[in-house]
Amino acid sequence: MSNVRIALTKGRLEKKTLELFRKAGYDCSELNEKSRKLIFALPDSNIEIVLAKAPDVIAYVEHGVCDLGVVGKDTIMEKGRSFYEVMDLGFGKCRFVLAVKKGENFYETYKSRKIATKYAEVAKSFFDNKNMDVEIIKIEGSVELAPILGLADGIVDIVETGTTLRENGLVPIEDVACVSARMIVNQASMKMKKHEIQDFLKKCEAALEVNENGE
Amino acid sequence: MKKYSVSTPEGTRDILFSECVLRQGLNVGLKTLFSRRGYHEVITPSVEYYDVFLDSGTPIETESMLKLIDREGRILVLRPDVTTPIARIAATKLSAIDTPYRLFYFQNVFRSDVRHAGRSTEIMQAGAELIGVTGIRADIEMIALAVESLEASELTDYRLEIGHAGFFKAVAASLGASEDKIEEMRRVVEEKNFTALNDILKDFEESPYTAALRKLPQLFGGAEVLNEAETLIDDGEAVKAISYLRSIFNELKAAGLSDRVIIDLGLVNEINYYTGVIFRGYATGAGGAVLSGGRYDQLLAAFGRNMPATGFAVNMDALCECVKKPEESKLSEIIWYESGALREALSYMNGKREGSAQLSAAPDIKEAQREAESMGLKLTCVGNGARKL
């Protein structure tokens, strides 16, 4: 049986992913301990886990040095290119929204609009689909600042509860997309290690169903 | 000034020593194979007019073509693929010759890609095209050649997957969906994105077609996939595609070439370009396809000569990554010749294993001795005086 290497997104999605793997019958206890290790071989299995930042998960899976990955749909929309996206894991849910300053009339103007965002590609394709020519300004930190400071007319960003937006006087005016954690698979691995990967995916699927039934 | 003088442009690289030997070996293997199967080599220019690709319907995005402007202000591109120039040749230069044309090439192609993503701008491709003949025997010939190409390359392990553009097209057409919706479905089937596919299919009334589409991302594996697909659907075109693939598979099986051939009915990449069978090769050690091809019956018409065609290209760079590097031949001996004995020295070297001997550039024999000693090599001296030594 070939080894299967999985890249997990560190941080927000990590705990839920490990919980899922545990329910699927894998011993992930070593990953729960605080350590500086980056690669973990799960005991009594052919599974190896790598911890990485979200965009790196995509890079590793695309190049095939990891066979599978768990990563948010937001990163896939921004960075994704060629891999299989086989499973919606259902957790890590949030929304991509277009938000503007309260009272701002975003659409009803002939002036070209400026959008501040961490997700330049997502914003670009959202407005492309509307046949709108907007200027996109890539911001790395708190995007909410940009409209307040007058740099942009609106933002495209991830929203979980909307509190941050409200506290900064911004309102979401349109949903861009719904986001959740996804399981992605390298295209070559899917074919070269079909049996091992499908076996793993089936176990995860079964564990997800248990989750949905509220057990 | 120093900034760009020490590195190669992004996406390009220098290839050195053992990697060159490896490439040469793979090239010779494939060239021999193509020639044995009756294919003829062509070499096309590195630059072509942009228009060659613009109106041809090739699936290469214009953004990824590297462009130049010539003296008259016309736009040129570094060829982004070889199939399109070959179609140009077949439709024009070869019109006096009887079809079919069996052509092969070993050329690099250029595609600019996103920055810092570890992808190459310059890719070495080997490929074969069979132009001017349609039907299952032409497809079998091409797929068999693809299998043989991978087989000849001494890979640890590989798979060749076969799909058919007609299957998805027939099923999607039966749904009566809009063009945009079909493209959306095609994309999620290509990604094997079950969730998104289910979401799209919710808008359609349940039918055998929706059920078949829902299954499509899972319809890959051995010949059993075809049996499964057959139970899902009894529509004319889709069933035709399935039995076509079955006939190909059976023929390969009888030839002993089917061990590593798999079926993927969800292989729907670039189906606006491919008109029939589509196939891809994967190998242990490469994260993407090392081979891709299929039937493209519409390309030639773009150059004014309507002819069916099929072919494939091997990504030689990716293939090299999957093959064990040969051991570099070790230098064991240097040769010093007396003035007037160069011919003798050269013929002496001809009898040695390649790479094991070099001429010494030392001005005199003492220097040559020091050189051999410091490098731990045998010194052979050629010439009258040397013999006395």
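Reader: How much area do chain A and chain B bury between them?
Author: The model is predicted, with local features needing pLDDT of at least 70, side-chain atom pairs counting only at pLDDT 80 or more, and totals for chains, interfaces and linings using all residues. Buried area is the accessible area (1.4 Å probe) that two parts lose on being put together, summed over both. Carbon and sulfur atoms carry 51% of the area between chain A and chain B, and the total is about 1800 Å².

Reader: Which three residues supply more of the area that chain A buries against chain B than any other three?
Author: Together they supply 36% of that area. They are A:Arg81, A:Lys191 and A:Met192.

Reader: With which residue does A:Lys191 form a salt bridge?
Author: A salt bridge is a side-chain nitrogen of Lys or Arg within 4 Å of a carboxyl oxygen of Asp or Glu. The rule finds three across the interface of chain A and chain B. In the one formed by A:Lys191, the closest N and O atoms are 2.8 Å apart, and the partner is B:Asp264.

Reader: How many residues of chain B are in contact with chain A?
Author: Contact means heavy atoms within 4.5 Å. Chain A contributes 19 residues, and the number for chain B is 26.

Reader: How far apart do the C-alpha centres of domain 1 and domain 2 of chain B lie?
Author: Residues are numbered from 1 along each chain as its sequence is written. The bounds come from an automatic or database domain assignment, which gives 3-321 for domain 1 and 331-382 for domain 2 of chain B. Their C-alpha centres are separated by 51 Å.

Notes. Chains are lettered from A and ligands numbered from 1 in the order in which they are written. Side-chain values use heavy atoms; hydrogens and water are left out.
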